[in-house]
Number of protein chains: 2
Amino acid sequence: MTFKKPNVLVIGSGGVGAIAALSLCLNDKSVVTLVVRSDYDYIKKNGFLIRSKTYGVIENWKPHNVAKSVTDARERFGEFDFIVVTTKNIPDGPVPCEDIIAPAITNNSTIILIQNGIGIEIPMLERFPKNPLLSAVSLIGSTYGDGVVENFFKDHIYLAPFANPNIENSLVDEKVRLFCEIYQNPDETKNKIEVDEEPQRRRWEKLVYNSVMNTTTALVNLDVNRCQMCNANDKLFRPAMVELREIAASEGFIIDEKFQEFFIHIGDGQFYAPSMCVDVRKSQLIEVEIILGNPLKIAEQNGVKTPILSTLYTMLKMLQLRMMEEKGLVKINPEDYNTNSDEYPKIVVEKSFRA
Amino acid sequence: MTFKKPNVLVIGSGGVGAIAALSLCLNDKSVVTLVVRSDYDYIKKNGFLIRSKTYGVIENWKPHNVAKSVTDARERFGEFDFIVVTTKNIPDGPVPCEDIIAPAITNNSTIILIQNGIGIEIPMLERFPKNPLLSAVSLIGSTYGDGVVENFFKDHIYLAPFANPNIENSLVDEKVRLFCEIYQNPDETKNKIEVDEEPQRRRWEKLVYNSVMNTTTALVNLDVNRCQMCNANDKLFRPAMVELREIAASEGFIIDEKFQEFFIHIGDGQFYAPSMCVDVRKSQLIEVEIILGNPLKIAEQNGVKTPILSTLYTMLKMLQLRMMEEKGLVKINPEDYNTNSDEYPKIVVEKSFRA
């Protein structure tokens, strides 16, 4: 019996998605289609320049197939066994991730989310209740811009099944096993994928950094070290991280203080701007709901007090509103908002269907 | 015996300073010199266009004397009986107010601060211990730009002596009386100056707005109403105002909740950007220390918890650092900050002596 290579669609061609496609292709156990949106013409012609700590420098690299949209991928490259989602996750934006991937979903698709944040699986499960859903946390350090991928650390993926009452566990476990097989390079110095027994714990741990340092630097448009010169460690980062750890603890995940101190000093001397800060510099929408909004809903349900994180969240919503209005995604008519009560009309985001 | 008209120097030719100079001149009981720095040549030639709710439209208006600096004023227009300070108060900036006014101070000078914030009198008293010091809160609504003063409300000044152990109370009280006399227009519909029996209370009351709505809008670069669409009233403004009122209460000033609600709805439907937000849009340094820094020192001394205001303060320091670096007032050498401890070198602001 011949092993038919699984057909994989990678959606999102940023630092994470490009390296995922590269890992799969080099491993040669699947057929890989990568959706490249804004730079489609350039990548189609020239491919990527990859500069990777573990894969080295690779010029003009292309996966098996390049598609310009999810619909284009589905039409030209068939049904997909795995749909790997590496886009930013912005449920308050014009196109939630469910809408992005919908055109590619068929009965046999397994969805794999390689994204940050808390609560990202729920909307997927609700929208696609009959498809196996896997959830992955990536530790990689990889950026993309103008055709160039800069990958600073070994791609390390923690993969886990997400509980779905409609599907047999054994089937989902088999999907996990299969994806690990097609993803894991035989030489483990190149990349590493492993099954995560406590995937939500890892999400909370990563959030200790993302919910505090990503958010603060995005709000003030300043790198981590410059923030730290303003006494941020004691006056903002640590107390905010304590709040985040208290939310995690209320969900049963005790996060040791050493994680906090590790993240506080992770960028010492590097004058590094986290991804959310970079997004704001480029006027790109930010992942405010999955990084802070969802954790704060949990905090409220569990009775955890979060004055600092709530302040950051409310200001990030303001920043997001400003960027959405600048992009024309939101129209504000002052007359609608001339009220002396606290009841304001709901902000309506223009939906754009970019599938 | 002839009443010799007092010689008055007004420093700062923004919305507050220009109207103060106008009030004094129209009242004709003093000789008024106004320091106009950046627009000196224009104002010297054309004067101001005043559009005032109470004084009406006045074209090409000039005070008795216009000086291009404090030193210029002192050299050309003699000794001053009153030195009225209406500049922004930025002790962390390149020129603290004491340095700005120093060239004009003589034995007989009475200093009058018409400025916002808490703790602004102390550095003045320390630097000029033998000069009477008056402290004033202004309610006016007045802006300046490109030769034009827009004054929306009646100029209302609350004036009070500031306790100085080196000077007889009766002497300072006499200065208060005299300044009220030369400032108060006979027609009280034009302006109003009165002695304030509880001046610090009024500073704290004004701070309910300034420490919360000025600061938040400055950080996110968004007007008050747009912030309120993001649920700011409940999630940020009110809880932050409660913290500010708790600091005031710890100093003996109980501020009624009605002030808070008044300020929450003061700009309904106006889509108004407070002055600190406007400053940031113009890349001008902000009054972060007197609006938040000093109140938070008091909170710490008095054991008042301020997680929200401390978060706003720390982020405003970051914003101020960014603007100072952009202006070349601060030089940051990454090698100095390559540390894995929490000890960072102190930020050194280049002093520029613009007296």
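The following paragraphs describe the overall build of chain A and then some local features of chains A and B in a predicted model.

Residues are numbered from 1 along each chain as its sequence is written, and chains are lettered from A and ligands numbered from 1 in the order in which they are written. Because the model is predicted, local features need pLDDT of at least 70 and side-chain atom pairs count only at pLDDT 80 or more, while totals for chains, interfaces and linings use all residues; side-chain values use heavy atoms, with hydrogens and water left out.

We may begin with chain A as a whole. Chain A contains 13 helices and twelve strands, where helices (H or I, at least four residues) and strands (E, at least two) are DSSP runs numbered from the N terminus. The radius of gyration of chain A is 21 Å, which agrees with the value near 20 Å that a compact globule of 355 residues would have; the radius is taken over C-alpha atoms, and the globule rule is 2.2 Å times the number of residues to the power 0.38. Along the principal axes, the C-alpha atoms of chain A fill a box of roughly 70 × 50 × 45 Å. Of the 355 residues in chain A, 58% are buried, a term that means under 20% relative accessible area, with exposed over 50% and partly exposed in between (1.4 Å probe, protein chains only). Where contacts in chain A join residues at least 6 apart in sequence, 71% of them link residues at least 24 apart; contact means heavy atoms within 4.5 Å.

Chain A carries 40 positive and 47 negative side chains, with the centres of the two sets 5 Å apart. Here Lys and Arg count as positive and Asp and Glu as negative, whereas His and the chain ends are not counted; the place of a charge is NZ of Lys, CZ of Arg, CG of Asp or CD of Glu.

Turning to the strands, two strands pair if DSSP finds at least two bridges between them. In chain A, strand E3 (residues 48–52) pairs with strand E4 (residues 56–61) in the antiparallel sense over four bridges. A:Arg51 faces A:Val57 of E4(A) across this pairing, and three residues lie between the two strands of the hairpin.

In chain B, strand E10 (residues 148–151) has B:Val149 and B:Asn151 on a covered face and B:Val148 and B:Glu150 on an uncovered one. In a regular strand the side chains alternate between the two faces of the sheet. E10(B) pairs in the parallel sense with strand E3 (residues 48–52) of chain B over four bridges, with B:Leu49 opposite B:Val148. Strand E9 (residues 142–145) of chain B also pairs with E10(B), in the antiparallel sense and over four bridges, and there B:Ser142 has B:Asn151 as its bridge partner. Two residues separate the strands of the E9(B) and E10(B) hairpin, in which B:Asp146 takes a positive phi near 50 degrees. Elsewhere in chain B, six of the seven residues of strand E8 (residues 133–139) are buried. E8(B) runs parallel to strand E7 (residues 110–114) of chain B, to which four bridges join it, and B:Ile111 stands opposite B:Leu133.

A:Lys175 lies in helix H6 (residues 169–183) of chain A and is partly exposed because its relative accessibility is 21%. Not counting residues up to four places away in sequence, A:Lys175 touches A:Phe82, A:Thr110, A:Pro132 and A:Leu134. A:Phe82 is 93 residues away from A:Lys175 in sequence, yet the C-alpha atoms of the two are 8.8 Å apart. B:Ala299, in helix H12 (residues 288–302) of chain B, counts as buried because its relative accessibility is 1%. Leaving aside neighbours within four places in sequence, B:Ala299 is in contact with B:Ile247, B:Val304 and B:Thr306.

Finally, most residues other than glycine have a negative phi. A:Asn221, although not a glycine, has a positive phi of about 55 degrees. A:Asn221 sits in the loop between helix H7 (199–220) and helix H8 (224–229) of chain A and is partly exposed, at 26% relative accessible area. B:Asn221 likewise has a positive phi of about 55 degrees, and its relative accessibility of 27% makes it partly exposed.
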